[in-house]
Amino acid sequence: MIPAAFEYVRAASADEALAAISEHGEDAKFLAGGMSLLPLMKLRLATPTVLVDVARIRDLSYITDAGDHIAIGALTRHRDLETSTLLAKECGIVASVAAQVGDNQVRHRGTLGGSVAHSDPASDLPAAMVALDAIIVARSAAGERTIAAADFFTGFFETALNADELLTEIRVPKAGASGFNYQKFNRRAQDWAIVGAVAATVAGTKRVALVNMGNTPVRATAVEAALASGASIADASMSAAMGCEPPTDLNASVEYREHLARVLVRRALDASA
Amino acid sequence: MKISISVNGVAQEHDVEPRTLLVQYLRESCALTGTKVGCDTSSCGACTVLFEGESVKSCTMLAAQADGGSITTIEGLAASDGTLHPVQQAFHDHHGLQCGYCTAGMVMAAVGFLDENPAPTERDVREGLEGNLCRCTGYHNIVQAVLAAAEGAKQ
Ligand SMILES: Cc1cc2nc3c(=O)[nH]c(=O)nc-3n(C[C@H](O)[C@H](O)[C@H](O)COP(=O)(O)OP(=O)(O)OC[C@H]3O[C@@H](n4cnc5c(N)ncnc54)[C@H](O)[C@@H]3O)c2cc1C
Ligand code: FES
Ligand code: FES
């Protein structure tokens, strides 16, 4: 399967990328690792007429200590997150979740920015971003703005990002080297989660977010509230699926996903206690 | 568009359409047919090659994305006198292949993996090769081969 024809533009800087995207308009798309976009193009489910390759913008690939948070360049690959000693120490949950995305080959190409911009509710890293209340930085020709993760994922493969905006940075809190766990439930190696549960501790408070339990990654607010009011992990986990509208598909019914959410949240909380 | 890629250490220059997949480029423009297309949907790993020393699925990468970089395919592993690469030799010794269709991808994924994790446990090997499927389901001997190659490299 070969993608429909397109024009290829390689950007060496964010400014070049933004100039190319505004020049070509609606039908142009950014290409990062290509791990989501190229499969869609090969199936001709996506047919951009211009691809602006941003993967070589070296100064958008970094993981740095920015004082009160860790700043991650949007073009940082899953592999770099997985192996970062800074992340392992300061925000281990991101490294741990990245290590569970797809397979080695996918992690060598796929980027954090691409995963976040793609906004697949079955993806792992977006749920971690929601659990951490990450800040997402977007740049356009008009300037830069920041978007809270809670406002960023607006729907099924939809985000608050405008077509002419480049995601440049993701800021995560210094949540530390422990107190987290990611439970990813799938049946085959390298697959997406049927349901996933992220548990993290930020400034002493437990955060819980779910993968594939709705159109977007969702925060299990009922679980967090129950824990905050002193409920046991076993009791709090019972509210894991509350307010969720999970999909039914080949892998799982709504009821089964709700069950998985309760079990996985309990396991994630137990493992992160 | 014009692209230049170092393939198995040989500088290659070709004029390709931007939509040319890396696997298509290797097989058709470079006439290196050792790299196979299995699923064509990023799932099976049969098309695995090394890009800048790291394993990638060449059915899910554009040749244009590799422009200016270096690629290693299965043809680039053995020494010029025909001596097999240790991972190839280990697959041979441990009967790590049946029909052979997944083998080029398995070997390339294993070479990339061992570079990142030279002293793996059996579980590490299984996880490291999770992106590669063997329809003959010969996983046991593949894993034994990779462990043997790692062990051999230590000595
Ligand atoms: C076999 C396989 C298995 C996988 N398994 C998993 C899994 O288990 N869990 C999981 O979470 N994911 C999985 N993925 C998806 C993977 O995580 C992708 O890497 C990720 O979703 C997309 O990142 P990318 O850099 O490849 O983006 P691309 O594919 O290049 O782009 C994806 C989308 O984001 C846009 N985009 C990319 N970068 C930016 C940016 N900086 N600013 C604005 N827009 C941008 C693109 O225009 C495109 O619309 C898998 C993929 C494959 C092929
Ligand atoms: S052919 Fe590329 S992953 Fe199957
Ligand atoms: S040996 Fe036949 S597919 Fe693996």
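How exposed is A:Arg219, in relative accessible area? A:Arg219 is partly exposed, at 24%; here buried means under 20% relative accessible area, exposed over 50%, and partly exposed in between, with a 1.4 Å probe and protein chains only.

Before I go on, the conventions. This is a predicted model, where local features need pLDDT of at least 70 and side-chain atom pairs count only at pLDDT 80 or more, while totals for chains, interfaces and linings use all residues. Residues are numbered from 1 along each chain as its sequence is written, chains are lettered from A and ligands numbered from 1 in the order in which they are written, and side-chain values use heavy atoms, with hydrogens and water left out.

Back to the arginine. A:Arg219 makes a salt bridge with A:Asp133, with 3.4 Å between the closest N and O atoms; the term means a side-chain nitrogen of Lys or Arg within 4 Å of a carboxyl oxygen of Asp or Glu. A:Arg219 sits in strand S14 (residues 218-219) of chain A and A:Asp133 in the loop between helix H8 (124-131) and strand S6 (135-140), so the pair ties together parts that are 86 residues apart in sequence. Helices (H or I, at least four residues) and strands (E, at least two) are DSSP runs, numbered from the N terminus. A:Asp133 is partly exposed, at 37%.

A:Arg219 also forms a salt bridge with A:Glu224, at 2.6 Å between the closest N and O atoms. A:Glu224 counts as buried, at 14% relative accessibility. The whole structure has 22 salt bridges over all chains.

One from chain B. B:Arg123 and B:Glu127 join their side chains in a salt bridge, 3.0 Å from N to O. The two are four residues apart in helix H4 (residues 122-128) of chain B, which means about one helical turn between B:Arg123 and B:Glu127. B:Arg123 is exposed at 60% relative accessibility, and B:Glu127 is partly exposed at 40%.

Staying with chain B, next is strand S3 (residues 48-51). Both of its faces are covered: B:Thr48 and B:Leu50 are buried on one side, B:Val49 and B:Phe51 on the other. S3(B) pairs with strand S4 (residues 54-57) of chain B in the antiparallel sense, over four bridges; pairing requires that DSSP finds at least two bridges between the strands. In S5(B), B:Thr72 is the bridge partner of B:Leu50.

Now a helix. Which residues of helix H2 (residues 86-93) of chain B are buried? They are B:Val87, B:Gln88, B:Ala90 and B:Phe91. Seen down the axis of H2(B), the buried residues fall within an arc of 160 degrees, so they line one face of the helix; the arc is that of the directions from the helix axis to the C-beta atoms. B:Pro86, B:His92 and B:Asp93 are exposed on the other side of H2(B).

Last, the domains of chain A. The chain is divided into domain 1 (7-53), domain 2 (58-173) and domain 3 (182-272), with bounds from an automatic or database domain assignment. Taken over C-alpha atoms, the centres of domain 1 and domain 3 of chain A are 34 Å apart.
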